[in-house]
Structures are given as C-alpha cells and as structure tokens.
Amino acid sequence: MALAACSNAAQAASYTMFRDPNCGCCEEWANHVHAGMQAEIAVKERSDIGAIKDREGVPVDLRSCHTMVVDGYVIEGHVPAADIARLLRERPEGVEGLAVPGMPIGSPGMEMGDRTQPYQVIAFGSAGRSVFASYE
C-alpha cells in the first residue's frame, strides 16, 4: 500500500528536465525515470544549462549533465528513479535536492554493459549535505 501511495505521489508531480541538446545520456536517463516512475517528463533543451543550475542552487561540485525540477526539488545528474521516489515520499527536512556528481558508469543512463563505478546520491540543501544512497 505504501508503494502505491508513493507511486501516486510521484505520478502527480510535475517533471521538467533541462539538458544540453548535444548530450545523449540525458535522454536515456529520462527514459529510466519515465519507466521507473510512470512519470511524464517535459524536456527543455538549453544551451545555457549552467545558468539553470545556478538558478536552481546546484552546488558546483555536485553538477552533472542535466537538471530536473520535480515538485519543488532539484534532481541533478543520473539519480536513480527509486531515490527520486523515496525523496518525494519522505520529504526530508532541509533537503532541496539530490545529485549524482559527474557521469558515473553504470548509473541510470550511463550503462556500459557490465562495467560499473561506485557512486553516491548526495542530498543537499539548508540541512547541509548527506549521502542519500550508495551504489557499488
């Protein structure tokens, strides 16, 4: 039942992804989020993606290739859909967004066969930073 409630909350949210028109992995990540959350994603291609990240308060050292705004939260980079759903469900105090810095191999949208790199999903906001999830 809790999973159904999470799914309903995720489906009701508005998803807008900003991406550089020359980046292909962003589309793969959006497909992952769409499939994992049954969410419709509005894609906005922008050549000034740095300005979007500045406007949304993404710390420079947490940046990646695309930025999504969903239900008041900022999702930066290749964050797994399950972590976005958890954020929308739990709504932790002082968290304004999640980020996967860089473009780690094996993260959603960056699949390369069996190759993977460990990475972390970082929660950031007025409460500071913390590890939201880790992937080996």
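Which residues in H2 are buried?

**View 1. The buried side of helix H2 in this predicted model.** Here we look at Cys25, Cys26, Trp29, Ala30, Val33 and Met37, the buried residues of H2. Around the helix axis they cover an arc of only 140 degrees, so they sit on the same side of H2.

**View 2. H2 from end to end, plus what follows.** Just after H2 comes Gln38, which takes a positive phi of about 50 degrees.

**View 3. The largest nonpolar core, with 32 residues.** Tyr15, Met37, Met68, Val70, Ile75 and Ile84 have the most contacts inside it. H2 gives the largest share, 6 residues. Apart from this core lies another one, of 6 residues, with Val74, Ala99, Ile122 and Phe124 among them.

**View 4. Arg115, out in the loop between S5 and S6.** Is Arg115 buried or exposed? Its relative accessible area is 51%, and the cut-off for exposed is over 50%, so Arg115 counts as exposed. Setting aside neighbours within four places in sequence, Arg115 is in contact with Ile105 and Gly106. Glu90 is 25 residues from Arg115 along the chain, and their C-alpha atoms are separated by 31 Å.

Technical notes
Residues are numbered from 1 along each chain as its sequence is written. This is a predicted model: local features need pLDDT of at least 70, side-chain atom pairs count only at pLDDT 80 or more; totals for chains, interfaces and linings use all residues. Side-chain values use heavy atoms; hydrogens and water are left out. A nonpolar core is a set of buried Ala, Val, Leu, Ile, Met, Phe, Trp, Tyr and Cys residues joined through side-chain atoms within 4.5 Å. Buried means under 20% relative accessible area, exposed over 50%, partly exposed in between (1.4 Å probe, protein chains only). Helices (H or I, at least four residues) and strands (E, at least two) are DSSP runs, numbered from the N terminus. Contact means heavy atoms within 4.5 Å. The arc is that of the directions from the helix axis to the C-beta atoms.
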